[in-house]
Amino acid sequence: MSETTTPALDEKDLEAIVGQVLDEARRAGATSAEAGASQDAGLSVNVRLGEVETLEYHKDQGIAVTVYMGQRKGTASTSDLKPASLREAAEAACRIARYTAEDPCAGLADAALMARDYPALDLDHPWGLTADEGIDIARACEAAARERDARIVNSEGAGINSFRGTAVYGNTHGFVGGYATTRHALSCSVLAGDDAGNMQRDYWYTVARHRDALEAAEAVGVEAADRALRRLGGRRLSTRRCPVLYSPDVARSVLGHFIGAIRGSTLYRKASFLVDQLGEPIFPEFVHIHEQPHILRALGSAPFDNEGVATQARDLVSGGRLESYALDTYAARKLGMQSTGNAGGLRNLTIDPGPMDFEQLLREMGTGLLVTELIGHGVNMVTGDYSRGAAGFWVENGEIQYPVEEITVAGNLKDMFHNLRAVGSDMDLRGNVRTGSLLIDGLTVAGE
Amino acid sequence: MTQTLETARQHLLDPSGLTDSDLDRVLGTLAGPGLDGGDLYFQLARHESWVLEDGIVKEGGYNIEQGVGVRALSGDKTGFAYTDEIAPASLMEAAMTARAIGRDHQDGSVPVRRAAPAHRLYLPVDPLGTLDEQAKIELLQALDAEARGQDPRISQVVVSLAGVHEVVMVLNTEGTLAADIRPLVRMNVHVIAEDREGRREQGSSGGGGRTGYGFFLEKERGLGYAREAARQALLNLDAVDAPAGTMTVVLGSGWPGVLLHEAIGHGLEGDFNRKGTSAFSGRMGQRVAAPGVTVVDDGTLEGRRGSLNVDDEGTPTQSTTLIEDGVLKCFMQDRLNARLMGLAPTGNGRRESYAHLPMPRMTNTYMLAGPHDPAEIIASVDKGLYAVNFGGGQVDITSGKFVFSASEAYLIEGGRITRPVKGATLIGNGPDVLTRVSMVGNDLDLDTGVGTCGKEGQSVPVGVGQPTLRVDGLTVGGTSH
């Protein structure tokens with residue numbers, strides 16, 4: 001199999017490109033400017049029913065430039081990194097900045113906050129995955145799923161992908177920084193069927209910066225199969241109030257809503273249910289939520305944010321109290337605060353695990369709903385009202401009784417945070433949000 | 001069409017000096033005996049956006065994206081590569097990479113190209129130039145003032161304006177040549193209302209289509225979005241907890257058609273049915289909806305957000321009857337899945353960009369009108385929910401379970417609309433929800449042009465629509481029971 005032959009741009013090339021676009025911006029009249037350039041390349045392979053389905057070679061590049069003319073702002077981006085296009089982008093951004101309004105909060109992050117000596121975070125581990133190798137791994141993964149049980153009747157296939165990207169950010173404070181990252185992932189999705197012709201699909205995946213940290217292909221396949229199988233025979237529930245145990249992979253979304261609510265842009269618009277809650281208890285006292293941007297090899301790690309501001313480990317919730325918001329420079333100025341290095345989001349948000357593992361949490365819950373899948377977008381960030389489609393298992397006396405489906409779980413996120421009874425020790429580290437299972441009391445389950 | 005082709009050529013090929021013989025050579029690498037053919041998808045998209053917040057236009061953005069995607073097909077296998085450099089060498093390199101999927105790597109020849117027939121559902125305008133910059137700013141400001149003028153409780157207003165000028169060209173190894181120039185504009189107004197007790201609520205509204213920005217000035221459409229967003233936010237300030245449980249639900253006309261998109265639309269896409277992974281697999285010709293229910297996917301509506309003159313594989317779009325009088329009639333197909341299922345493509349092959357593979361996707365999906373007056377439908381319900389505005393939805397194709405989230409809803413008590421209730425997610429089972437449709441309204445309406453559909457990580461603009469519907473038995477995910 002052939003590989004693309006166009007040489008990859010390295011950090012130095014991208015630094016030069018960022019420098020060029022900043023020069024062009026100044027030439028076009030910008031008083032200050034910032035730019036981010038990136039290039040990503042990768043391979044993704046999908047295998048279905050033992051045969052290759054798709055083989056995709058990816059190569060994406062782009063640059064985005066933001067200019068300020070005094071307090072007016074304009075942005076432009078292009079996928080073409082040739083000098084003429086860089087000039088056009090800088091000029092387009094300046095053209096826009098002539099029409100936007102003076103905004104006292106607009107501008108680069110404070111120069112004093114720029115990351116000076118930032119750490120190397122060990123995020124770049126190219127695999128050199130070839131198409132043939134990828135096909136073999138995906139085949140092994142899917143085969144393990146299909147051979148798991150005769151009731152695995154169909155497959156959406158297994159896919160593997162491996163990407164390497166380099167990103168550089170620079171601004172007219174003189175800051176320029178960049179680094180390369182890799183990301184490798186393997187996933188599998190299969191269908192289980194019963195005699196009545198009902199089908200259930202489920203999936204599993206593994207993702208890491210280093211190939212050695214991936215779960216074994218067979219283990220991913222087996223987990224996907226087991227997850228699909230256990231959903232067969234799903235029933236509905238009658239409408240009720242009960243505790244809900246979110247498995248770690250769906251618990252992540254609950255913390256995602258927390259992130260959304262402490263984000264600067266939602267706060268200064270008063271579009272968050274956590275407006276004015278700084279220093280207030282929003283979780284029970286045992287809860288500790290923190291950001292850990294410098295974990296080596298972690299998926300969410302970054303030495304500086306999207307404005308060049310140094311990232312740092314810090315508490316967001318301590319003793320149950322909201323200690324900090326997640327602010328970029330603009331939101332910070334709107335709120336009269338200082339950037340927390342969160343332009344571009346939070347990095348490795350972690351809720352500390354509690355002492356109980358998953359089985360102990362089931363017993364702790366006693367009778368209630370174990371949720372393993374959520375669908376839909378029924379969350380109102382302004383009010384905290386929460387209502388989502390769910391599937392999972394009904395639990396009695398700490399034991400799973402039967403699968404359930406076509407139900408909703410509803411409540412209000414403010415109450416749900418206060419009613420968090422326990423965090424599991426079963427941490428899921430596959431993403432930017434790191435959590436164990438979450439046991440939450442007092443949700444409404446709607447069904448028959 | 002000739003003129004569109006000429007324009008597309010000027011935008012996509014001429015700047016890099018790509019000639020017909022270059023294209024023949026590249027297509028030839030995809031036409032060898034080891035492959036079932038392939039295609040090239042050239043795209044140039046220029047996008048702009050403007051955002052007003054706190055009463056000032058504080059952000060504007062401009063983006064250019066261009067490239068070419070090369071696909072090689074062999075049975076049900078697809079090889080794919082793309083490049084953002086439209087030039088002979090990089091195009092050939094992408095083609096050689098993509099064709100690695102085939103059994104052997106010989107070149108072949110391609111038939112003489114012929115221009116595919118195409119509709120003319122929108123003018124080949126560049127929407128970005130249909131208003132000057134100052135007029136765009138004034139439009140945003142007018143909507144801001146309109147929303148704030150509705151009520152002193154409107155405390156925050158965010159207005160956005162976006163336009164895309166997209167030029168695409170498709171060539172395949174069967175000799176198809178197609179081009180399309182696709183304008184797309186969109187406005188949105190999001191407001192927050194805050195009452196004296198500090199209770200806050202939100203409302204949002206918007207619209208758009210395949211046209212220029214003048215669309216928002218006609219019939220005060222833009223101002224209408226501002227009024228509508230404010231109305232919803234104010235209404236929600238008075239909303240009580242939504243009910244929980246299974247009940248009769250009356251869905252309003254227009255955007256609530258997102259029901260059809262989630263409950264049956266995705267399940268009728270050809271790829272899932274070829275693979276047998278859809279809850280609708282093998283159900284062709286069977287009853288999947290109540291008598292009187294007819295659902296179409298129609299990519300040929302003039303100026304609509306989900307419409308296309310040709311799809312992203314060069315197939316002209318069409319109106320496809322998915323469900324006729326309650327019986328499943330047709331799936332939506334791209335070329336690959338149609339070929340593998342021995343059926344005809346239906347003009348539903350779509351892709352987010354040159355860097356993504358096409359797959360069967362919806363265009364404008366809606367239910368035809370029935371006999372009932374909407375007032376008669378509401379009056380027929382003793383106790384239930386009347387839901388008229390929705391956020392997004394989602395579906396599990398295999399189990400058929402789908403959700404869609406109401407953002408404006410009311411209780412129906414004794415045949416009358418009584419109190420507004422908070423938003424809630426509604427959940428149902430796709431293959432049987434339409435069998436529970438007991439009344440179909442005579443007020444078919446399409447949405448205002450706001451829909452974006454996500455599938456396997458790719459987003460495309462779509463439309464939905466329906467008349468007022470009574471559904472006997474949908475589960476409402478509120479908190480009150």
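Modeller: Helix axes are lines fitted to C-alpha atoms over the stretch in contact, and angles run from 0 to 180 degrees between N-to-C directions. The model discussed here is a predicted one.

In those terms, helix H3 of chain A, residues 131–146, packs against helix H4 of chain A, residues 217–229, at an angle of about 35 degrees, and their axes are 7 Å apart. H3(A) and H4(A) form a right-handed crossing. On the H3(A) side the contact is made by A:Ile137, A:Ala140, A:Cys141, A:Ala144 and A:Ala145, while H4(A) contributes A:Ala217, A:Glu218, A:Val220, A:Gly221, A:Val222 and A:Ala225. Sorted by class, the contact of H3(A) with H4(A) holds 9 nonpolar residues, 1 polar and 1 charged.

As for the annotation around this pair, the unreviewed UniProt entry assigns residues 124–232 of chain A to "domain: Metalloprotease TldD/E central". That span of chain A is 27% helix and 44% strand, with end C-alpha atoms 41 Å apart. In chain B, UniProt lists residues 127–237 under "domain: Metalloprotease TldD/E central", again from an unreviewed entry. Residues 127–237 of chain B are 34% helix and 43% strand, and the end C-alpha atoms lie 37 Å from each other.

A second pair in chain A consists of helix H1, residues 11–27, and helix H2, residues 83–97, which pack at about 45 degrees with axes 8 Å apart. Because of that angle, H1(A) is oblique to H2(A). The crossing of H1(A) and H2(A) is right-handed. From H1(A), the residues in contact are A:Ile17, A:Gln20, A:Val21, A:Glu24 and A:Ala25, and from H2(A) they are A:Pro83, A:Leu86, A:Arg87, A:Ala90 and A:Cys94. The contact of H1(A) with H2(A) comprises 7 nonpolar, 1 polar and 2 charged residues.

H2(B) passes H3(B) in a right-handed crossing. Here B:Asp22, B:Leu23, B:Arg25, B:Val26 and B:Thr29 of H2(B) meet B:Pro88, B:Leu91, B:Met92, B:Ala95 and B:Met96 of H3(B). The contact of H2(B) with H3(B) is made up of 7 nonpolar, 1 polar and 2 charged residues. The annotation "domain: Metalloprotease TldD/E N-terminal", taken from an unreviewed UniProt entry, covers residues 39–100 of chain B. Over residues 39–100, chain B is 18% helix and 66% strand, and the end C-alpha atoms are 15 Å apart.

There remains the contact between the chains, which involves 78 residues from chain A and 71 residues from chain B. Together, chain A and chain B bury about 5,800 Å², and 51% of this area is on carbon and sulfur atoms. A:Tyr99, A:Ile375 and A:Glu406 account for 11% of the area that chain A buries against chain B, more than any other three residues.

Definitions and conventions
Residues are numbered from 1 along each chain as its sequence is written. Chains are lettered from A and ligands numbered from 1 in the order in which they are written. This is a predicted model: local features need pLDDT of at least 70, side-chain atom pairs count only at pLDDT 80 or more; totals for chains, interfaces and linings use all residues. Side-chain values use heavy atoms; hydrogens and water are left out. UniProt positions are given in the numbering used here, feature names are shortened, and annotations may be inferred rather than shown by experiment. Helices (H or I, at least four residues) and strands (E, at least two) are DSSP runs, numbered from the N terminus. A crossing is left-handed if the near helix is turned anticlockwise from the far one by less than a right angle, and right-handed if clockwise. Contact means heavy atoms within 4.5 Å. Ala, Val, Leu, Ile, Met, Phe, Trp, Tyr, Cys and Pro count as nonpolar, Asp, Glu, Lys and Arg as charged, and the others, Gly among them, as polar. Buried area is the accessible area (1.4 Å probe) that two parts lose on being put together, summed over both. Angles under 35 degrees count as roughly parallel, over 145 as roughly antiparallel, 65 to 115 as roughly perpendicular and the rest as oblique.
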